[in-house]
Amino acid sequence: LYHSIGEFDYYRASELKETFKQIIKEDLREYIPKISVPTLLVWGERDLAIPVSDGKYMQSHIKGAKLTIVKGATHSFVTTMPNVFLENILPFLEK
C-alpha cells in the first residue's frame, strides 16, 4: 500500500517494521483534545498516507490549533520541499 502511493517510510523502517505497524495503528483521538500548547498543523494537500481530513479533525479538536494546507504537497513534503515547510512554520515559531 505505501509503495503504491509513493510513501516509503515503512520500507525504510527495516528491522523496525513491526514497531512501525504498531505505532501507525494506534488510535490517539482521545489524546488530541488534551493538547494545550499552541499548535500548528502543516499538511500536504495531496497527502495519501494521512489525509487532510485527519488534519481537519485534529484542528477542530485542539483548542486554538491552526491548520495550514500546502497546495500540491504530498506526505513527504517536509523533505522534498523543505523551503516551503520552513516558510510555513518559521512565523509560527517566532511568535
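This is a predicted model: local features need pLDDT of at least 70, side-chain atom pairs count only at pLDDT 80 or more; totals for chains, interfaces and linings use all residues.
## Overall architecture

The protein chain contains five helices and two strands. Read from the N terminus, the order of its elements is α-α-β-α-β-α-α.

Of the 95 residues in the protein chain, 23% are classed as buried. The chain exposes about 7000 Å², and 58% of this area is supplied by carbon and sulfur atoms. Among contacts between residues at least 6 apart in sequence, 59% link residues at least 24 apart.

## Nonpolar core

In soluble globular proteins, nonpolar side chains tend to be buried together. In this model, the largest nonpolar core consists of six residues: Leu40, Val42, Val70, Ala73, Phe77 and Ile89.

When residues up to four places away in sequence are left out, valine 42 touches Thr68, Val70, Phe77, Phe85, Asn88 and Ile89.

## Salt bridge

The model has one salt bridge by the rule applied. Aspartate 27 and arginine 29 form a salt bridge in which the closest N and O atoms are 2.6 Å apart; the cut-off is 4 Å.

The accessibility of each partner can also be stated. Aspartate 27 has a relative accessibility of 42% and so counts as partly exposed. Arginine 29 is likewise partly exposed, because its relative accessible area is 49%.

## Serine 36 and its loop

Serine 36 is located in the loop that runs between helix 2 (17–25) and strand 1 (40–44). With a relative accessibility of 70%, serine 36 counts as exposed.

Serine 36 and alanine 65 are 29 residues apart along the chain. The distance between the C-alpha atoms of serine 36 and alanine 65 is 9.3 Å.

Note on methods: Residues are numbered from 1 along each chain as its sequence is written. Side-chain values use heavy atoms; hydrogens and water are left out. Helices (H or I, at least four residues) and strands (E, at least two) are DSSP runs, numbered from the N terminus. Buried means under 20% relative accessible area, exposed over 50%, partly exposed in between (1.4 Å probe, protein chains only). A salt bridge is a side-chain nitrogen of Lys or Arg within 4 Å of a carboxyl oxygen of Asp or Glu. A nonpolar core is a set of buried Ala, Val, Leu, Ile, Met, Phe, Trp, Tyr and Cys residues joined through side-chain atoms within 4.5 Å. Contact means heavy atoms within 4.5 Å. Accessible areas come from the Shrake-Rupley method with a 1.4 Å probe; for residues, only the protein chains shown count as cover.
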